[in-house]
Amino acid sequence: MSRPYKRYVDSFGLAGNEMVLDYGSGWGRISRHIAERLSQGNGHLTCVDVSKVWMETIQKRLKKYPNVGYKLGDIAALDIADGAYDIVVVHFVLHHVPKDEQQEKLAILARKLKPHGRLFIREFTRADHGTPPAEIRALMSTAGLHERESRMTRSLIMGEVFDGVFDKAPA
Ligand SMILES: C[S@@+](CC[C@H](N)C(=O)[O-])C[C@H]1O[C@@H](n2cnc3c(N)ncnc32)[C@H](O)[C@@H]1O
């Protein structure tokens with residue numbers, strides 16, 4: 001089950017020395033592979049989640065990686081440097097964020113990126129359990145992120161998935 005997630009992380013093209021932020025890191029399905037890759041260089045991964053349970057779980061799961069930091073809480077209130085990250089990952093998290101907060105959170109995530117940084121997002125597209133692609137694109141564009149590439153894939157259980165990469169244009 002882990003191989004598709006490793007393949008996804010491989011697609012980020014990490015050299016190993018990057019700063020990466022995994023927003024809504026959960027139990028570490030994606031973070032684990034990022035941490036492994038970054039442990040081969042001097043990169044650093046920041047895991048952010050609002051769930052204490054998942055944060056405790058991921059800390060145990062990734063304890064062998066010294067290059068990982070953990071931040072519990074709302075990203076709006078967390079002490080995380082702006083303009084510091086090469087890559088932000090939002091993997092099946094957006095629909096968990098209340099609609100009226102999504103724009104604010106994406107603007108904050110865009111701010112965390114370095115100029116030319118990239119945001120990788122995967123999100124279900126069903127309106128009742130996901131975010132339609134047009135909404136994702138509008139949110140990203142308002143946050144100052146430009147679509148680099150995207151494609152639709154399918155999850156057997158949950159249906160269509162938007163898989164996109166967005167660039168931060170330098171100010
Ligand atoms: C479906 S899980 C995905 C976890 C992980 N990204 C993955 O793909 O394995 C959604 C995660 O988003 C987290 N989450 C929900 N709202 C959040 C928010 N406002 N800020 C950060 N994390 C949030 C949840 O606690 C949960 O861990």
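**View 1. Val68 lies in strand E3, which covers residues 68-72.** The model shown here and in the other views is predicted. Val68 is buried, with a relative accessible area of 10%. That value is under the 20% limit, so Val68 counts as buried. Leu38 is 30 residues away from Val68 in sequence. In space, the two C-alpha atoms are 9.1 Å apart.

**View 2. Leu72 also belongs to strand E3.** Leu72 is partly exposed, at a relative accessible area of 41%. Partly exposed covers the range between the buried limit of 20% and the exposed limit of 50%, so Leu72 falls into this class. Gly159 is 87 residues from Leu72 along the chain. The C-alpha atoms of Leu72 and Gly159 are separated by 30 Å.

**View 3. His33 sits in helix H2, residues 31-38.** His33 has 10% relative accessibility and therefore counts as buried. Arg3 is 30 residues from His33 along the chain. From C-alpha to C-alpha, His33 and Arg3 are separated by 9.6 Å.

**View 4. Lys105 of helix H4 makes side-chain polar contacts with Asp74 and Glu104.** Lys105 is buried, with a relative accessible area of 5%. Its side chain contacts the side chain of Asp74 at 3.1 Å. The side chain of Lys105 also makes a polar contact with the side chain of Glu104, again at 3.1 Å.

**View 5. Phe92 has a positive phi in the loop between strand E4 and helix H4.** Strand E4 spans residues 85-91, and helix H4 spans residues 99-112. The phi of Phe92 is near 55°. This is a positive value in a residue other than glycine. Phe92 has 17% relative accessibility, so this residue counts as buried.

**View 6. His116 has a positive phi within strand E5.** The strand runs over residues 113-124. The phi of His116 is near 70°, and the residue is not glycine. His116 is exposed, with a relative accessible area of 59%. The cut-off for exposed is over 50%, so His116 belongs in that class.

**View 7. The ligand sits in the largest pocket.** There are 15 residues around the ligand. Tyr23, Gly24, Arg29, Asp49 and His91 come nearest. By type, the shell around the ligand divides into seven nonpolar, six polar and two charged residues.

View 8. On its own, the ligand has 600 Å² of accessible area, and the protein covers 89% of it.

Note on methods:
Residues are numbered from 1 along each chain as its sequence is written. This is a predicted model: local features need pLDDT of at least 70, side-chain atom pairs count only at pLDDT 80 or more; totals for chains, interfaces and linings use all residues. Side-chain values use heavy atoms; hydrogens and water are left out. A residue is near a molecule or strand if one of its heavy atoms lies within 4 Å of it. Accessible areas come from the Shrake-Rupley method with a 1.4 Å probe; for residues, only the protein chains shown count as cover. On a 1 Å grid over the protein atoms alone, a cavity is a set of points where a 1.4 Å probe fits but cannot get out, and a pocket is an open set with protein on both sides within 12 Å along at least five of seven lines; lining residues have an atom within 4 Å of a point. A molecule sits in a cavity or pocket if more than half of its atoms lie within 2 Å of its grid points. Ala, Val, Leu, Ile, Met, Phe, Trp, Tyr, Cys and Pro count as nonpolar, Asp, Glu, Lys and Arg as charged, and the others, Gly among them, as polar. Helices (H or I, at least four residues) and strands (E, at least two) are DSSP runs, numbered from the N terminus. Buried means under 20% relative accessible area, exposed over 50%, partly exposed in between (1.4 Å probe, protein chains only). A polar contact is a pair of N or O atoms within 3.5 Å; within protein, one must be able to donate a hydrogen and the other to accept it, and residues adjacent in sequence count only if both atoms are side-chain atoms.
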